Amino acid sequence: MSSSARGVCLVLGAGGFRGLAHVGVLRGCARLGVRIDALIGVSIGGLIAAFYAGLGVSPEELLRRFSRLSTASLFSLGWSLYRARGADLAPRGGADPRDDLRALKALRLDRLCFGVQHLGLLALDLSSGEEIFAATGLPGTVPPDKVVLGGASIPGVFPWVCCEHGGRVYRLVDGGLSHSLPVERALLPPFEARRIVAVDLQVRRGFRERDPDRWDRLEREHPGRIVRIRPQVAGAGTVFFRSHLAEALVQGGERSVLEQSAALC
């Protein structure tokens with residue numbers, strides 16, 4: 001373990017609209033004074049991580065932006081992206097979520113906010129089945145904005161994100177299909193976190209993490225190093241969502257952190 005790896009690494013898992021609980025987790029960490037040195041995110045967790053650590057969007061603003069979405073607006077956004085495949089995400093003004101997605105073009109993994117030192121984002125390359133991981137301190141292969149957008153692109157709802165790099169064409173889709181909670185990434189360079197807080201939104205496991213002994217094995221191999229948090233998400237779907245549940249999801253995420261205060265502080 002590197003001498004610089006002294007902080008907490010927060011791993012934000014996949015879960016669609018349930019990802020509002022991640023906003024509550026960020027609020028809960030702030031209440032407890034838990035310093036987040038690193039963030040790893042996949043799917044909605046990647047979006048939350050990128051907006052927070054990469055673009056400096058506060059938890060309060062994240063709640064405002066994400067809670068205004070609905071199932072209808074999600075499918076409408078997906079349809080518009082299918083129709084505009086290959087075109088730029090032109091700004092529309094107002095509350096168009098494409099404005100938020102377009103802002104990700106400014107994402108830089110070496111220029112982070114809120115004291116975060118490392119950011120990692122996971123997507124799945126549909127062409128090869130390979131995981132594409134963009135992270136602070138790793139050689140760049142695919143631009144991070146492409147990884148976070150592709151990594152949150154649920155097949156059938158959103159088109160894949162296509163990009164070319166180094167003579168190779170990537171077709172990026174939801175990284176949660178492979179790892180819905182990529183906690184192992186936090187154990188490896190450049191993260192090597194002393195303490196890992198893994199936020200599990202209780203969705204279907206990815207095809208690379210279906211070993212029933214996975215969590216027991218991780219706890220045996222890394223005793224006391226991983227804190228697994230499971231916010232209350234009952235009644236909330238991943239794609240089908242009722243906006244009145246937004247605040248309850250955030251509160252559930254915050255409460256799940258406060259309940260683990262003894263392990264985190």
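A polar contact here is a pair of N or O atoms within 3.5 Å, and within protein one of them must be able to donate a hydrogen and the other to accept it. With that in hand, welcome to a few close-up views of this predicted model.

**View 1. Aspartate 100 makes side-chain polar contacts with arginine 65 and arginine 68.** Let's start in helix α5 (residues 97-103), where aspartate 100 lies. Its side chain makes a polar contact with the side chain of arginine 68 at 3.0 Å, and the one with the side chain of arginine 65 is at 3.3 Å. Leaving aside residues up to four places away in sequence, aspartate 100 touches Arg65, Arg68 and also Phe51. The relative accessible area of aspartate 100 is 14%, so this residue counts as buried, the cut-off being under 20%.

**View 2. Helices α1 and α2 pack against each other with their axes 9 Å apart.** Here you can follow α1 (residues 20-32) and α2 (residues 44-54) as they meet at an angle of about 45°. The two helices are therefore oblique to each other, and α1 passes α2 in a right-handed crossing. On the α1 side, the contact is made by His22, Val23 and Leu26, which meet Ile44, Gly45, Ile48 and Tyr52 of α2. Sorted by class, this contact has five nonpolar residues, two polar ones and no charged ones.

**View 3. Helix α2 is largely enclosed by the rest of the structure.** Eleven of the eleven residues of α2 are buried, which is why the helix is described this way. Among the buried residues are Leu47, Ala50, Phe51 and Ala53, along with the glycines Gly45, Gly46 and Gly54. Just after the helix, look for glycine 56, which takes a positive phi of about 75°.

**View 4. Phenylalanine 114 and glutamine 202 have positive phi values.** Most residues other than glycine have a negative phi, which makes these two worth a visit. Phenylalanine 114, with phi near 60°, sits in the loop between α5 and β3 (118-125). This residue is partly exposed, with a relative accessible area of 43%. Glutamine 202 has a phi of about 60° and is found in the loop between β7 and α7 (214-221). Glutamine 202 is also partly exposed, at a relative accessible area of 29%.

**View 5. Proline 189 and proline 190 are joined by a cis peptide bond.** Most peptide bonds are trans. In this one, omega is about 5°. To find the spot, go to the loop between β6 (168-174) and β7 (195-199), where proline 190 is found.

Terms used
Residues numbered from 1 in each chain as written. Predicted model: local features only at pLDDT ≥ 70, side-chain atom pairs only at ≥ 80, totals over all residues. Heavy atoms only, no water. Axes fitted to C-alpha atoms, helices over the stretch in contact; angles between N-to-C directions. Helix = DSSP H or I, 4+ residues; strand = E, 2+ residues; numbered from the N terminus. Parallel < 35°, antiparallel > 145°, perpendicular 65-115°, else oblique. Left-handed = near helix turned anticlockwise from the far one by under 90°. Contact = heavy atoms within 4.5 Å. Nonpolar A, V, L, I, M, F, W, Y, C, P; charged D, E, K, R; others polar. Buried < 20%, exposed > 50% of the residue type's maximum accessible area, 1.4 Å probe, protein only.
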